[in-house]
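Please walk through this model with me, element by element. Keep the sequence and the 3D view side by side.

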Amino acid sequence: MELIRPNVKFKDSFYEAATELVGHKGSTEGHLTIDELTSEEVFFDHVKRKLDFEHNPDLPEGYVNETTFWIIENGEYAGRISVRHRLTPKLETYGGHIGYIIRPKFRKRGLATKALTEILKYTKEELRITKVLLTTDEDNVASQKVITANGGVRDKSLDDQIEKIRFWIEL
Ligand SMILES: CC(C)(COP(=O)(O)OP(=O)(O)OC[C@H]1O[C@@H](n2cnc3c(N)ncnc32)[C@H](O)[C@@H]1OP(=O)(O)O)[C@@H](O)C(=O)NCCC(=O)NCCS
């Protein structure tokens, strides 16, 4: 498994992922589905936008810089993981720093767990962040396992106010 910045060379397997996600139960984490990929232009713009978000100093109101990696397994696009460079009050409550999705075909092989381990290294070494927030839905057992396998510790301080489960990982 490798983490690589979004790259149009993975177009074919990205389209396969977008096809698998149609009608799939559970969260798509905002991933494009094949219905939304109405032209090549949409795909190219998506890649450009993800790359731009890493360094753009002039993002729309409420957005923060975010580094996106594509998870590549044996040369194929297997999913996405990203880290936000800072938290806003809303992210501190709901979204957290890191989000990920593995395409259905590649699930239950340990990829999300490994991808999180890798992005945490980047988060510490490149972004100099030492305390990382991740949030999940209460019924997302798989994601909770991914986080606890990487040292996540439950923060129950907002449990009576929000439905999300929040974890901190100290790096
Ligand atoms: C959550 C998700 C990223 C997990 O990806 P994955 O690559 O399958 O995860 P892993 O293979 O690393 O599995 C981690 C653990 O969860 C378990 N697991 C995986 N899918 C599971 C499921 N559907 N139900 C219960 N446990 C599950 C694995 O067995 C493993 O457990 P173990 O550590 O005891 O062996 C993937 O299911 C997904 O993309 N879901 C939709 C998007 C999403 O929910 N993103 C996270 C938002 S917070």
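This is a predicted model: local features need pLDDT of at least 70, side-chain atom pairs count only at pLDDT 80 or more; totals for chains, interfaces and linings use all residues.

Residues are numbered from 1 along each chain as its sequence is written.

Start with the four-stranded sheet. Helices (H or I, at least four residues) and strands (E, at least two) are DSSP runs, numbered from the N terminus. Two strands pair if DSSP finds at least two bridges between them. Four strands form an open sheet here, in the order β1-β2-β3-β4, and their pairing is antiparallel. β1 (2-4) and β4 stand at the edges with a single partner strand each, so one side of each has no neighbour in the sheet. From one strand to the next, the twist averages 25°. Angles run from 0 to 180 degrees between N-to-C directions, and axes are lines fitted to C-alpha atoms, for helices over the stretch in contact.

Look inside this sheet. Strand β2 (residues 66-73) and strand β3 (residues 76-84) pair in the antiparallel sense over eight bridges. Ile71 has Gly79 in β3 as its bridge partner. The loop between β2 and β3 holds Asn74. Its phi is positive, about 45°, although Asn74 is not a glycine. Most residues other than glycine have a negative phi. Burial is counted from C-beta atoms placed from the backbone: a residue is buried if 20 or more others lie within 10 Å of its own, exposed if 12 or fewer, and partly exposed in between. Asn74 counts as exposed because it has 9 C-beta neighbours inside 10 Å.

Lys108 has a positive phi of about 60° and is not a glycine. With 9 other C-beta atoms within 10 Å, Lys108 is exposed.

Now turn to the other sheet. Three strands make an open sheet in the order β5-β7-β6, with antiparallel pairing. β5 (131-136) and β6 (153-155) are the edge strands, and each pairs on one side only. Neighbouring strands of this sheet are turned by 35° against each other on average, direction ignored. Six bridges join β5 to β7. Lys131 has Glu170 in β7 as its bridge partner. Three bridges join β6 to strand β7 (residues 165-170). There, Val153 has Trp168 as its bridge partner, and Asp155 stands opposite Arg166.

Stay with Arg166, which lies in strand β7. Two residues are in contact if their C-beta atoms, placed from the backbone, lie within 7 Å. Neighbours within four places in sequence aside, Arg166 is in contact with Leu133, Thr135, Asp155 and Leu158. The C-alpha atoms of Arg166 and Thr136 are separated by 6.7 Å, although the two residues are 30 residues apart along the chain.

α5 lies across β5 and β7, and runs at about 165° to β5. Which residues of α5 are buried? They are Ser143, Val146 and Ile147. These residues cover an arc of only 95° around the axis, which puts them on the same side of α5. The arc is that of the directions from the helix axis to the C-beta atoms. An α-helix has 3.6 residues a turn, so residues three or four places apart point the same way. The buried residues of α5 pack against α4, β5 and β7. Gly151 follows α5, with a positive phi near 90°.

Finish at the ligand. The ligand has 21 residues around it, of which Arg107, Ala112, Thr113, Ala142 and Lys145 come nearest. β4 (98-102), α4 (111-125) and α5 (141-149) each supply at least two residues of the shell. α5 gives the most, with six residues. By class, the shell has nine nonpolar, seven polar and five charged residues. Ala, Val, Leu, Ile, Met, Phe, Trp, Tyr, Cys and Pro count as nonpolar, Asp, Glu, Lys and Arg as charged, and the others, Gly among them, as polar.

Key. A residue is near a molecule or strand if its C-beta atom, placed from the backbone, lies within 6 Å of it.
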